[in-house]
Amino acid sequence: MLLLVGTGLLALGQQRSLREMSPSGWMLSWALLALYLVPMFLLVYLLDAYEREPLSLVLGALAWGAVAATSLAGLANHDWGAVVARLGGPDLAAQWTAALTAPLVEETLKAVGVVLIYLIARSELNGLLDGFVYGAMVGLGFAVVENVFYFVGQFGGQPAGVLGGFFVRVLASGLYGHVLYSGLTGMGIAWFVTRTDQRRGRRLLFAGALCLAAVLAHFLWNSPLLNLFPTGELTLAEALVAIPLAAAVKGVPFLVLVVLLVGLARRQERRWLEVAAAGELGGPALSAEELAVLERPRRRWAARRVMRRRSGRRAAALLRRLQRQQLSLAMLHTRLAGDEDPDLVGQRQRIAQTRQALQAAVAASSRGPATV
Amino acid sequence: MVLAAVVVGGRVADSALSVPGQPVQVAAGVSVRPLSGWRSVRQGPGVLFTRGSGNLSVLPAGAGADPAGLAGAYVRQVLQPNAQGLSLSKGLQRVRLGGGQVGVRFAYQGTFRGQGRATPLQGEVTAVAGSRAAAVFDAWAAPEVYEYERADVQEMVETAEVG
């Protein structure tokens, strides 16, 4: 918390300087980046279809990336850049510093954010997807603040420059950067802390490989290797084609890797749900048909849509509550040892009450009877 | 610990790698300690310190000169006659050397003629006056590498003895 406050003051000072450099550019940068931040936030937040992470922790991860990681990276990148210049000379530094320093410095600082989330709330980091969500949120916060620096500092800060920066760094390449790198790092950390069924060395190896993959992807992005970004004067048509293509060459392979890993993590979560819910199947809290619906977010949405059409909004809202309570019941099974733990018993009672209310709402609706 | 290593480690490593050499006497009352990798070449009344891509020219001036006046004279007599599209930073930044002498600094960018071709350069001029001597330090490099020269040249200027 102290670190967040300290770096927060530093970050505020930096933002004030950027605003003084170009008030209109600074405002436009934040307005444009809000268009990136909100959908990306929702996309990442909603990825975990079974157990959404607490908003307080998710916002904490975002704040760590936006405030602490960016401020500390600004200091550290500069100093490590000077070290590269001393060891390799300024010419090498001019070409390679961004690749040699930023990936290690920034990925480490962002990873610290995920580790802190784990230390604050160990029980919330209980799967690979959780690690991805927290890591990606740290990366999202980092990307937004870093982009304000780029738009005002590197792209000239005037509205035309800011729009150019938004095109290059967000529209053409916004899918490939910090969100993916630290999402992958978060998965590595989650693997290490959750796969306690494996030997420590094996966990360390796998987690290290994921973190290293994030650093290597960042290195490739910052390095002159495979750099097809056009230089010099470009027509608008050339820029609209050449820049996204150049970004895709560096970014798409890593994007594909992360999408595959997130897909595997979601499949793992579904298996986790099946195992966790097995003890409740056939009981009053959960039927096999309900579990089949719970497993797939699309089926859950479809069931609520059908319920709303047939029995109204209140019934659909109650069905949504029932589904969440059933998912929570499964989650409780993963944490609690005995079947008759008071928390489990209490959750079953809440499910029974919601089910009764839902049946009453369905019966009261004028659209005809429905079975629950 | 990891956090400290990442954030402070660069500064510690940079300090360990930057070893000042023996002082080079530029003129009476003006001396500079070049950092490792920099060599000195006498050039008229002054000395040029260089490491290939980066340069620091040190010109002595008479005692009692005013730093702002020295900086203005340097722009008129050295930078403007040799540059095209010269742009200077707004205002003069006050600097204080390790020995307590005060001076002023400004940054510049432009295309300079030299060795038969025009070269874009970025640099910083620091004018310092002591009680018995004064000097103008002009550091420059290609714009893409100047950022990586700045730490060295500023350290050499700030550890220089003037007066």
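How far apart do the C-alpha centres of domain 1 of chain A and domain 2 of chain A lie? In this predicted model, in which local features need pLDDT of at least 70, side-chain atom pairs count only at pLDDT 80 or more, and totals for chains, interfaces and linings use all residues, residues are numbered from 1 along each chain as its sequence is written. Chains are lettered from A and ligands numbered from 1 in the order in which they are written.

The C-alpha centres of the two domains of chain A are 37 Å apart. Domain 1 covers 2–267 and domain 2 covers 281–364, with bounds that come from an automatic or database domain assignment. Four residues of domain 1 and four residues of domain 2 take part in the contact, where contact requires C-beta atoms, placed from the backbone, within 7 Å. On the domain 1 side, two of these residues are nonpolar, one is polar and one is charged; Ala, Val, Leu, Ile, Met, Phe, Trp, Tyr, Cys and Pro count as nonpolar, Asp, Glu, Lys and Arg as charged, and the others, Gly among them, as polar.

Helix α13 of chain A (residues 313–335) has 23 residues; helices (H or I, at least four residues) and strands (E, at least two) are DSSP runs, numbered from the N terminus. From first C-alpha to last, α13(A) reaches 33 Å, close to the 33 Å expected at 1.5 Å a residue, the expected span being 1.5 Å times one less than the number of residues. Its buried residues include Leu318(A), Leu322(A), Gln326(A) and His333(A), and the buried residues of α13(A) pack against α10, α11, α12 and α14 of chain A. A residue is buried if 20 or more other C-beta atoms, placed from the backbone, lie within 10 Å of its own, exposed if 12 or fewer, and partly exposed in between. Arg321(A), also in α13, counts as partly exposed because it has 16 C-beta neighbours inside 10 Å.

The contact between the chains takes 19 residues from chain A and 18 residues from chain B. On the chain A side, α3(A) gives the most, with 10 residues. The residues of that side divide into 13 nonpolar, three polar and three charged.

In chain B, three strands form an open antiparallel sheet in the order β1-β2-β11; strands pair if DSSP finds at least two bridges between them. β1(B) and β11(B) stand at the edges with a single partner strand each, so one side of each has no neighbour in the sheet. β1(B) and β2(B) pair over three bridges, and Ala27(B) stands opposite Val30(B) in β2(B).

Key: Two residues are in contact if their C-beta atoms, placed from the backbone, lie within 7 Å.
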